[in-house]
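Could you walk me through this protein in the viewer, stop by stop? I'd like to know what to select next and what is there.

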Amino acid sequence: MKLATFSENHHARFGVVEGQEVVDVTAGRSGLPQDLKALLGAGPDALEAVKTLAKTAPRFALGDVYLHAPITRPGKIMALGKNYADHAAEMGGPLPDKMMWFTKAQTSINGPFDPIPLPSIAQFVDYEVELVAVIGQKAKHVPQDSALEIIYGYMVGNDVSVRDWQRRTSQYVIGKSFDGHAPIGPWITTADEISNPQDLSICCSVNGDVRQRANTNQMVFTLADQIAELSQVMTLEPGDLIFSGTPSGVGAGMKPLTSLSPGDVVRCSIDGLGALEATCQAV
């Protein structure tokens, strides 16, 4: 099932994407939570209710609605640096033997087709296509061999990075947390539709030029590894997001170094999950 947050007539709610339509399962008095983050926390019975309602609920053409970020205010956004060997090499230094975690601010969340802001104080803005896992259960001390069980679904993400601010200190957070620098979506594909999240083709292009192309089987630390480690430290909760790392081909690894510019169109896609596409805009 593909779950999207959408609006028409300026009323945001969630629905089920089927082909080129979105089914408005919250129409009328369905008794469902009114946003996807709340739905995640409502458990499997709520998801079954969504499946039932989708059979008869009103439909809109995808082209007639506005798609928002599926989850607009995640509790936590955790992200992993240098998790593909080729990307670690292009960024310089050895391959990390420990996971390199950082966070992104809630306000960095952006819609799947909304403009990517290029702030005037930023000299070097870069793209990073990533597989994003959406946590569906409250969990702590999760064993590695059952870690995928707490994932509700998956999305495409773009870990937009302001490299000059990222490199100001040893901590990445400020350079990763500019407003609008975490586009996600275009919807959440529930975990039951993805047989193996560690075998998905992943791609990013700029103005039609393919910059990144890889497979998630090239991750150094798998999603199960990531969840097992994170959950030793913090309680994971429904709606938390994990950006799982990006492959090689970023602008910071090119010669000459290549920053995003106003008007550039960035497209990030993952097989089975859809695509984000956004135009860069000076702000």
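Start with the surface display: the accessible surface of the protein comes to about 12,000 Å², and carbon and sulfur atoms hold 51% of it (Shrake-Rupley method, 1.4 Å probe; for residues, only the protein chains shown count as cover). Keep in mind that this is a predicted model, where local features need pLDDT of at least 70, side-chain atom pairs count only at pLDDT 80 or more, and totals for chains, interfaces and linings use all residues. Residues are numbered from 1 along each chain as its sequence is written, and side-chain values use heavy atoms, with hydrogens and water left out.

Now switch to cartoon. You will find 6 helices and 19 strands (DSSP runs numbered from the N terminus: H or I of at least four residues for helices, E of at least two for strands). Of the 283 residues, 54% count as buried, meaning under 20% relative accessible area, with exposed over 50% and partly exposed in between (1.4 Å probe, protein chains only).

**Stop 1: helix 6.** Select residues 223-233. Leu-223, Ala-224 and Ile-227 are among the buried residues here. The buried residues of helix 6 pack against strand 6 (77-81), strand 7 (100-103), strand 11 (129-135), strand 12 (151-158) and strand 17 (241-243).

**Stop 2: Val-125.** This residue lies in strand 10 (residues 125-126) and is buried, at 2% relative accessibility. Leaving aside residues up to four places away in sequence, Val-125 touches Leu-118, Val-160, Ser-161, Val-162, His-181, Ser-259 and Leu-260 (contact: heavy atoms within 4.5 Å).

**Stop 3: salt bridges.** The count comes to 15, taking a side-chain nitrogen of Lys or Arg within 4 Å of a carboxyl oxygen of Asp or Glu.

- Glu-21 and Arg-59: their closest N and O atoms are 3.2 Å apart. Glu-21 is in strand 3 (residues 21-23) and Arg-59 in strand 4 (residues 59-61), so the pair ties together parts 38 residues apart in sequence.
- Glu-48 and Lys-51: this salt bridge is 3.3 Å, N to O. Both residues lie in helix 2 (residues 44-53), 3 residues apart, about one turn of the helix.
- Lys-76 and Asp-240: this salt bridge is 2.8 Å, N to O. Lys-76 sits in the loop between strand 5 (66-67) and strand 6, and Asp-240 in the loop between helix 6 and strand 17, 164 residues apart. Asp-240 is buried, at 2% relative accessible area.

Finish by selecting Lys-104, Asp-126, Glu-128, Asp-159, Arg-163 and Lys-176 together: salt bridges that share partners join them into one network.
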